[in-house]
Number of protein chains: 2
Amino acid sequence: MERTRGSKPQREARVDVYEAVFTALAHPTRRRILMTLNFEGGSMTAGEIASIFEHAWPTTTRHLRVLEAAGLLHHRREGRTRVYQIERRRLDLVHEWLAWFTKTPA
Amino acid sequence: MERTRGSKPQREARVDVYEAVFTALAHPTRRRILMTLNFEGGSMTAGEIASIFEHAWPTTTRHLRVLEAAGLLHHRREGRTRVYQIERRRLDLVHEWLAWFTKTPA
DNA sequence: ACGATATTTAGCAATTAGGCTAAATATTGG
DNA sequence: CCAATATTTAGCCTAATTGCTAAATATCGT
């Protein structure tokens, strides 16, 4: 599983990375979490995030985990709350993927 | 299901549209179909597309349907083959969504 | 130490997704 | 019309996703 030392991931690894990011973005709740974080300055507590949805808190927790596994968020503990922060640069992967379709004039 | 005459979809409709596009992009096989189409000039027959994968043809047919439902492809019959063509502009929706995250300097 | 607050983990049920095989459909060439 | 070719549809099965509730964990204030 380790990489051969160097900053750029190899092909194989990169595929998995796309997988996680695109899958994370596929759910409307998760896109909304990202949007909300984006407009609320980049970070919010788990409770604040959970409060914007109708569904049970554990459901939101799970979505947060998916987003974090995809590298689109990360969190830090702050007393008894957890502050989630958006990782905007991770979205570059999507830009990168999309770019293939504009690079091609055909 | 009809829209009120006009070119821009309303909010509600737009959400569904994101849903379909992002979901379609979440599967690696479907991303690969789009990539391949992109580099093969934009259109290929169902058979050509199916032949790039190991799985059974009907599986590919299903992926094509998902992509088409998302508006990322469309097809035309051509004799007994069906030619699928990529709808690159549809990817603008994704660019549009991503743009919210760069528009925000914070 | 205790109770309140904040949040996650565990585990269950329903739904959806994605693979397969077999059968159906449409078009072409003889 | 018949056989071959190209492709989709139907239906089945398994695995993953997503929602829920109940229980666990961690931290804070007293």
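Two strands are taken to pair if DSSP finds at least two bridges between them, and helices (H or I, at least four residues) and strands (E, at least two) are themselves DSSP runs, numbered from the N terminus. The structure described here is a predicted model, in which local features need pLDDT of at least 70 and side-chain atom pairs count only at pLDDT 80 or more, whereas totals for chains, interfaces and linings use all residues. Residues are numbered from 1 along each chain as its sequence is written, while chains are lettered from A and ligands numbered from 1 in the order in which they are written.

The secondary structure of chain A comprises five helices and three strands, arranged from the N terminus in the order α-α-β-α-α-β-β-α. Of the 106 residues in chain A, 22% are buried, a residue being called buried if 20 or more other C-beta atoms lie within 10 Å of its own, exposed if 12 or fewer, and partly exposed in between, with C-beta atoms placed from the backbone. Among the contacts in chain A with a separation of 6 or more, 51% involve residues 24 or more positions apart; two residues are in contact if their C-beta atoms, placed from the backbone, lie within 7 Å.

Strand β2 (residues 73–78) of chain A runs antiparallel to strand β3 (residues 81–86) of chain A, and six bridges join them. Within this pair, L73(A) stands opposite I86(A) in β3(A). The two strands, β2(A) and β3(A), form a hairpin with two residues between them, and G79(A) in the turn has a positive phi of about 60 degrees.

A residue is counted as near a strand if its C-beta atom, placed from the backbone, lies within 6 Å of it. DNA strand D is surrounded by 23 residues, of which H55(A), G79(A), G47(B), P58(B) and T81(B) are the closest. At least two residues of the surface near DNA strand D are supplied by each of α4 (57–69) of chain A and α3 (46–51), α4 (57–69) and β3 (81–86) of chain B, with α4(B) giving the most, five residues. This surface has seven nonpolar, eleven polar and five charged residues, where Ala, Val, Leu, Ile, Met, Phe, Trp, Tyr, Cys and Pro count as nonpolar, Asp, Glu, Lys and Arg as charged, and the others, Gly among them, as polar. Around DNA strand C there are likewise 23 residues, the closest being G47(A), P58(A), T81(A), H55(B) and G79(B). The largest share of the surface near DNA strand C, five residues, comes from α4(A).

Helix α4(B) has 13 residues and reaches 18 Å from its first C-alpha to its last, close to the 18 Å expected at 1.5 Å a residue, the expected span being 1.5 Å times one less than the number of residues. The buried residues of α4(B) are T60(B), H63(B), L64(B) and L67(B). Seen down the axis of α4(B), these residues fall within an arc of 105 degrees, so they line one face of the helix; the arc is that of the directions from the helix axis to the C-beta atoms. The face of α4(B) turned away from its buried side carries the exposed residues P58(B) and R65(B). After α4(B) comes G71(B), with a positive phi near 80 degrees.

In helix α2 (residues 28–39) of chain B, the buried residues include R30(B), I33(B), L34(B) and L37(B). They cover an arc of only 95 degrees around the axis, which puts them on the same side of α2(B). V21(B), found in helix α1 (residues 11–25) of chain B, counts as buried because it has 23 C-beta neighbours inside 10 Å. Not counting residues up to four places away in sequence, V21(B) touches A70(B), L72(B), R90(B), L93(B) and V94(B). V21(B) and L93(B) are 72 residues apart in sequence and 8.0 Å apart in space, C-alpha to C-alpha.

The contact between the chains takes 21 residues from chain A and 21 residues from chain B. On the side of chain A that touches chain B, α1 (11–25), α2 (28–39) and α5 (92–103) of chain A each supply at least two residues, and the residues of this side divide into 13 nonpolar, six polar and two charged. W100(A), which lies in helix α5 of chain A, touches M35(B) and N38(B), not counting residues up to four places away in sequence. With 13 other C-beta atoms within 10 Å, W100(A) is partly exposed.
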